[in-house]
Amino acid sequence: MYLLWDNKTEFPQHEEMRKINNIEFINIHTAIKDEYQFLLGAAIIKHKDVLYASWGNSFRNENDDNTILAEKRSFDGGKTWNDYRKISKTDKGFGRSHGVYFEYQDHLYAFCPKARYDKIDAYPDLKMEAYKLNEQDEWSCLGIVLDEDFWPMCEPLKLDNDALLMAGLKTDTAEAAIALCDGKDLTKWKMKKIPNPENFGYWGETTVLKQKNKLIAIVRGGNGALVSESYDNGISWSGLEKSNFPISDSKMYAGTLSNGSNYLVFNAKSEKHRETLCVATGRELFDKVYVIRHGFEKPPSFWSMNEWCYPYAYEADGNLYVVYAKNKEDCELAIIPLESLE
């Protein structure tokens, strides 16, 4: 079993998890009756002193042909959010859904999946599409940049060889996958599947940590996080194996803070589905877990169940900004001071 968690101590139960001092919760977007009522996924980035947050919006159900990639902006460090706008459009039965941001050579890009969302979990004709923010502060579509069924899940990592790696999901087979770019042309990506020799049943949403001489892919598994390693900048990967890190069946997001500590935002196993959203931290291994959200405030207005889910994170200005879907209707931001994570 692969060690992600430092087994010198037991993984904490909810009541034993650490509290985050001075955490602040901000509502970014609330579902509106008779408009876009379903929301899933979220991304956040700071670009030229402005915070951008995006998500996938559908009218009623989890992804449909009218699904769009939408966003709001904050000009005051995340305290208030304004100007709901569509990054993408719908056309000829194709929708777009939640994706990732990336700042590159002083320009802001967004990557998202384009597909026919008429069949959940199948996503016919899914391809990865890119957008670029132009000088008029408008999004321009760059077209399909990966002609395979790859759904981007995490901001691209800059590798030691100057290439870029984006963690995601191969949707038609639910396999863990990453996409690689040479770092020169953001319109050209190639997908690499992560081997699954044990034939784990899973929905392969993937996040990747960069550690010294290796990359660690952490993958959504039904009974805990699955793990794979690469020692050649993501070209080849070891077969997936079980880890000792328990998670609920949900997407995760990993990264490295400016103080050198790694972090993983995830849903801990709870009595209720996706009831507890946490962040784990550690150097070589994760050894601390902090609670971001636990328990539910009120029933959803339009959706069928409560949950805090599909997190994404970005560090700026001494904070870790964590965005996530609330009840698959709203988008919420948790502002976490880095000093609160020791």
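Student: Why is Cys278 called buried?

Tutor: Buried means under 20% relative accessible area, exposed over 50%, and partly exposed in between, with a 1.4 Å probe and protein chains only. Cys278 has 0% relative accessibility, so Cys278 counts as buried. This is a predicted model, where local features need pLDDT of at least 70, side-chain atom pairs count only at pLDDT 80 or more, and totals for chains, interfaces and linings use all residues. Residues are numbered from 1 along each chain as its sequence is written, and side-chain values use heavy atoms, leaving out hydrogens and water.

Student: What makes Cys141 partly exposed?

Tutor: Its relative accessible area is 42%, and the partly exposed class lies between the two cut-offs.

Student: How do you know that Cys278 is too far from another cysteine for a bond?

Tutor: A disulfide is a pair of cysteine sulfur atoms within 2.5 Å. The closest cysteine sulfur to that of Cys278 is in Cys309, 14 Å away, so it is too far for a bond. For Cys141, the closest is in Cys112, at 7.8 Å, also too far. The structure holds 0 disulfides.

Student: Why are β21 and β22 called paired strands?

Tutor: Strands are DSSP runs (E, at least two residues), numbered from the N terminus. Two of them pair if DSSP finds at least two bridges between them. Antiparallel strands β21 (residues 262–268) and β22 (residues 276–282) are joined by 7 bridges, so they meet that rule. Cys278 in β22 stands opposite Phe266.

Conventions
Helix = DSSP H or I, 4+ residues; strand = E, 2+ residues; numbered from the N terminus.
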